[in-house]
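Let's take a walk through this one together. Have a look at the fold first, and then we'll go from a single loop residue out to the chain interface.

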Number of protein chains: 2
Amino acid sequence: MEAIEQRITEQGNKIRSLKSSKADKEVITAEVAILNALKAELKALTLSDPAAAAAAAAPAEKPTKGDDKKGKGAFTLKNAKGTKDYTPQEMAIREKIFSTIVKVFKKHGGITIDTPVFELKEILSGKYGEDSKLIYDLEDQGGEKCSLRYDLTVPFARFLAMNGKEYQNIKRYHIAKVYRRDQPAMTKGRMREFYQCDFDVAGTYDAMIPDSEILRVLTECLTELELGDFTIKLNHRKILDGIFEVCGVPEDKIRTISSAVDKLDKLPWAEVRKEMTEDKGLDPKAADLIGEYVQLKGGAELLERLYADAKLGANTRAKEGLDDMTLLFKYLDVLNVTRYVSFDLSLARGLDYYTGLIYEAVLEGSAPPTLANGEKARATVKKGTDELDESTVGVGSIAAGGRYDNLVGMFSGTNKKGQPNLVIPCVGVSIGVERVFSILMQKQKKEEIKSNEVEVYVVGLGGVSVEARMKICTELWDAGIKAEFAYKLKPRTQNQWDVCDRDMIPLAVIVGGDEIEKGLIKIKDMRSKDESQKGGIEYPRTQMIAEIKSRLAQL
Amino acid sequence: MEAIEQRITEQGNKIRSLKSSKADKEVITAEVAILNALKAELKALTLSDPAAAAAAAAPAEKPTKGDDKKGKGAFTLKNAKGTKDYTPQEMAIREKIFSTIVKVFKKHGGITIDTPVFELKEILSGKYGEDSKLIYDLEDQGGEKCSLRYDLTVPFARFLAMNGKEYQNIKRYHIAKVYRRDQPAMTKGRMREFYQCDFDVAGTYDAMIPDSEILRVLTECLTELELGDFTIKLNHRKILDGIFEVCGVPEDKIRTISSAVDKLDKLPWAEVRKEMTEDKGLDPKAADLIGEYVQLKGGAELLERLYADAKLGANTRAKEGLDDMTLLFKYLDVLNVTRYVSFDLSLARGLDYYTGLIYEAVLEGSAPPTLANGEKARATVKKGTDELDESTVGVGSIAAGGRYDNLVGMFSGTNKKGQPNLVIPCVGVSIGVERVFSILMQKQKKEEIKSNEVEVYVVGLGGVSVEARMKICTELWDAGIKAEFAYKLKPRTQNQWDVCDRDMIPLAVIVGGDEIEKGLIKIKDMRSKDESQKGGIEYPRTQMIAEIKSRLAQL
């Protein structure tokens, strides 16, 4: 024990020295982890020694913020930037989220596929507009050039292009990790590795029918997850393109101007306008005209206004989009989804591949903070780091998606006339489950989350052998009962009770040396405050399984 | 329709031309996929036209084997080498495998964590011996050097080293993908991206207790998966090291000689001996002595023979290993696992980090083919490709693992005396679930696997509106019933029945225009051959949910 105390002292000195020399924060974190582990080790050794226990109970060190200079030669024990581990408690919450979402997806006929984590680099090329720079590439180790998937949509389209014969139509869901070299904002759930939950309908159908069911699926998911009120912003690429056309945006600037509009939920109009005119060379008059349209929002009644708009109503593309929206609002009424949606002309979505309806769900009360002048706070990067200052960012959109009718065709090659060999229209939604996760984790007390499912703990008393406890567990396992025993030859009695409490195990089977010989065991309800059961109720060993099964059935 | 026929002709010509010019096989495959998609499109369009339907029913083209020369400039529509997509039917089997395994893991108190797909490169360095060359690296895009995880064990040890305070002991399972730049052998389930199912026990316990439970967990998993008979080969690193010591292997050659022994399940002894003496410079006398030991196998009785061996019995390391094995066999008896194990001195396991018990499960009847001379066939690489010739490889080991007491310490840093700052002994097993998958897929007929869970299909007759069908689905969804309807304004009646058959949907709710007005619907049991229900039994609309729930409860 003195040896450990000595090491704790040394480790503490080391950390203080690292801090004063402004060492890499990550190096300090790693050293602090070691210190905390040593303290835990000491604590475990000294539970019977009050003085030592008091020393061990001193609060764990926290790393102070250091500079981000790289510590030379030091082994940094950490996760890669923008990635994290999930603890058993966190996993319990995550699995609950997944099962809630999958239940909704299956209710709507969803079936699942899986695609690899990496794709040939050329598959991802030219699909993500300005965000392509965020794609992770694998090192060329003498084979193909590959990249980690950026989303689940492009791999799905690639799957359809390769298997179009068998999957002319499919409602597929896919829950898997995707990768983006973005600025991490951990507490808001924005990571470089994160899960997406996608539901997409592929196939040639009549207009807006699958689109409206996707919105119904989304409202069911967000409702079942109990995240509070939400709004689904809707817009249509053809309406947007029509707006750009009538405002005088040249055809070759439409996508880049659309990207600028997409930033309106994070930046004030003045800055977006500046990006359009100064960075992207748009005529200021065109920008001002756009500015008038993109501040419009409302419900189905906004459609009338846009149809009546002299310029827009006469634009062919806009007209197609408005007709789609008319149909959509009709279907959303039938599906009881209307109350969740807002037709919002400022919604543009960054991705290149959308061709029709687009949408984005936002939680109420999670928008970025509003400044005194009424403008939205701008996301800023913390000085001296490349992490976003999280106080300036809202949770943002919790789900998004849209229609992409040409993506499969981009993979199918073209015929002599330049038309794609295969067209499978698609519409889908992606739920940002990491954001859901960070919201739900904040609502839970970590220690109240049960991460194991053990039903019975086998407690040995009075020198009963490990084989005897093992034998009872074997009988329980053979009967399909979830059971554990202490991995010690002579476990302390109190430690065994402590495990029952810590892991919230409902039942204990208690065996002593004498009882084993007599063919008896005791069963104790660990959650009941009923004092009459005392050290447990005695049963013949032969009745153990039946009694436990009957008690578990009543839980 | 003629346009499509024209495109089919053109595409056929293109493929014939590619084949005759010996184009890249993958290019041809992609072009054939396009052709098949066109044919399917034509078929869909021509179901009412018998002549056209006959043409469309012509068998789909299959790509012939071409050379592997890279087609220049061609867009190759394919998965990255060694990776594959999983179809909905395959996913249904895969999820059944996972749920079977997870059920066993949870029965033994397992809890799950998740770690990222990539780790800092230095975390993986020096952990995998000769296999380190198979690690995938990410391109350095101006950040940290990262690699894709090679297994789930090293990331678990890294997790423990970082969180040792909170997780001094944990039974964790983890089911996730890992990455190895190995030679793919698709039909045997060996891929570059594949799932592992790991169960590990971390913590300081009395000898061989968790080790024996791990073997019990493994036997339960393999039994529940119904893979047929299997054997778990057991050995102990300390016994092996003792053997190497008494045979005269220099200390610095022990790991590399151990790697050579590990190949004995794939190569005959003569070749392994050659590798030891010629490639690794071992004294041939030492090799011959090793040869005598490593052909020994048996049960607990082999222990007596080894204890009695004059040289080995006197070796300290071997003695420790033998004592462990004695204890293990005692516990395996209690756990009813003895009949599945074989103590096999030729088992070495390739990984560097094992320190004690090691094991590997092999399915009976899946060993590599034996040649006429009694030697095992050697895995060979197909000429002109870098794929393994699968006829020369068995499914091989289906699960493997062992004890690794020092891995966590490798991450914790060392104190002034060179001892690790944190020691958490671990033992675990990894189930090769892809191999399980390829065995189980071979047993199933693909078309008999139901991949969706839809309970009710809403069939519209006689010009009933899409809104009316949508409205009924909404009622069903609101009641938690899994339901679908056709995404067409005017779906053909036969097409709707076809969907019920294809997707094995048990119930249909049938609505016609007249019935809607009268507040009536019909329900039909789609699986029953009962002719008396004819077009379905009529119910008031208000009783629909109750009737369906009652019918579903009886399924």
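Leaving aside its neighbours within four places in sequence, which residues is N315(A) in contact with? Taking contact as heavy atoms within 4.5 Å, the answer is G242(A), E245(A) and V246(A). Before going on, some ground rules: this is a predicted model, where local features need pLDDT of at least 70 and side-chain atom pairs count only at pLDDT 80 or more, while totals for chains, interfaces and linings use all residues. Residues are numbered from 1 along each chain as its sequence is written, chains are lettered from A and ligands numbered from 1 in the order in which they are written, and side-chain values use heavy atoms, with hydrogens and water left out.

Back to N315(A): you'll find this residue in the loop between α13 (310–313) and α14 (316–334) of chain A. Helices here are DSSP runs of H or I with at least four residues, strands are runs of E with at least two, and both are numbered from the N terminus. N315(A) is buried, at a relative accessible area of 7%; buried means under 20%, exposed over 50% and partly exposed in between, using a 1.4 Å probe on protein chains only. Its side chain makes a polar contact with that of E245(A) at 2.9 Å. A polar contact is a pair of N or O atoms within 3.5 Å; within protein, one must be able to donate a hydrogen and the other to accept it, and residues adjacent in sequence count only if both atoms are side-chain atoms.

Now hop to chain B, where R180(B) sits in the loop between β4 (170–179) and β5 (193–202). R180(B) also counts as buried, at 17% relative accessibility. A polar atom of its side chain lies 3.0 Å from the backbone oxygen of Y150(B), and the C-alpha atoms of these two residues, 30 residues apart along the chain, are separated by 6.0 Å.

Next comes helix α12 (residues 301–308) of chain B, whose buried residues are L302(B), L303(B) and L306(B). They share one side of α12(B) because they cover an arc of only 105° around the axis, the arc being that of the directions from the helix axis to the C-beta atoms. The face turned away carries the exposed E301(B), E304(B), R305(B) and A308(B).

Finally, the interface: 115 residues of chain A are in contact with 116 residues of chain B.
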